[in-house]
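Subject: A structure for you to look at

Hi there,

Here is the structure I promised to pass on to you. Have a look at it first, and then read on for what turned up.

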Amino acid sequence: MASKSCPSCDLIHPESALRCECGYDFESGRLEGPRAPSKPGPWYENPYVAIAALCLCGVIGVFLVARTPRLSPWEKALCISLWAVMASLAVYRSASH
Ligand SMILES: [Zn+2]
C-alpha cells in the first residue's frame, strides 16, 4: 500500500492525498495553512479595515483592498467597483447642483 508522510507534521496519508490536515499541500509542496490563520495579520490586511477605509478615504481604501491577502480577487473587484459606482454617483450629484 502506497503511503506518504506529511513533511510538515509527519501524519501518514495515502498516496492519493492532495492536502494534509495541517494545511500542507502535497501538489504545490507548500504549507498553505488551515482555513483559519493561527496568527492574525497586520491591521491593514484586515478586510474590514480595508472596506471601511474604502468608504471613508476612497483612494487609500482602494489600495488597502487591493493588497489585502484575505480577500479573493473577485471580492476585491466587487468592493472596488461598488466604491467606484458610489464615488461617481457622488461626483455626478455634486456636479448637477
Ligand atoms: Zn501535515
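At what angle do α1 and α2 pack, and how far apart are their axes? In this predicted model, the angle is about 160° and the axes are 6 Å apart. Angles over 145 degrees count as roughly antiparallel, so α1 is roughly antiparallel to α2. The crossing of α1 past α2 is left-handed.

Which residues make this contact? From α1 come Val49, Ala50, Ile51, Ala53, Leu54, Cys55, Leu56 and Cys57, while α2 brings Val59, Ile60, Gly61, Val62, Leu64 and Val65. Sorted by class, 13 of the residues in the contact of α1 with α2 are nonpolar, one is polar and none is charged.

Now for the wider picture. The protein has three helices and four strands, and along the sequence they follow the pattern β-β-β-β-α-α-α. Of its 97 residues, 9% count as buried. Among contacts with a separation of 6 or more, 12% are between residues 24 or more positions apart.

The largest nonpolar core has five residues: Ala50, Leu54, Leu64, Val65 and Cys79. Two elements, α1 (47-57) and α2 (59-67), each give two or more residues to this core. As background, nonpolar side chains tend to be buried together in soluble globular proteins.

Next, please find Lys4, which lies in strand β1. Is Lys4 buried or partly exposed? Lys4 counts as partly exposed because 14 C-beta neighbours lie inside 10 Å. Not counting residues up to four places away in sequence, Lys4 touches His13 and Glu15. Lys4 and Phe26 are 22 residues apart along the chain, and their C-alpha atoms are separated by 9.7 Å.

Finally, take a look at Asp10, in the loop between β1 (3-5) and β2 (12-14). Most residues other than glycine have a negative phi. Asp10, though, has a positive phi, near 70°. Asp10 is also exposed, because it has 9 other C-beta atoms within 10 Å and the cut-off for exposed is 12 or fewer.

Enjoy exploring!

Best wishes

Definitions and conventions:
Residues are numbered from 1 along each chain as its sequence is written. This is a predicted model: local features need pLDDT of at least 70, side-chain atom pairs count only at pLDDT 80 or more; totals for chains, interfaces and linings use all residues. A residue is buried if 20 or more other C-beta atoms lie within 10 Å of its own, exposed if 12 or fewer, and partly exposed in between; C-beta atoms are placed from the backbone. A nonpolar core is a set of buried Ala, Val, Leu, Ile, Met, Phe, Trp, Tyr and Cys residues joined through C-beta atoms within 7 Å. Axes are lines fitted to C-alpha atoms, for helices over the stretch in contact, and angles run from 0 to 180 degrees between N-to-C directions. Angles under 35 degrees count as roughly parallel, over 145 as roughly antiparallel, 65 to 115 as roughly perpendicular and the rest as oblique. A crossing is left-handed if the near helix is turned anticlockwise from the far one by less than a right angle, and right-handed if clockwise. Two residues are in contact if their C-beta atoms, placed from the backbone, lie within 7 Å. Ala, Val, Leu, Ile, Met, Phe, Trp, Tyr, Cys and Pro count as nonpolar, Asp, Glu, Lys and Arg as charged, and the others, Gly among them, as polar.
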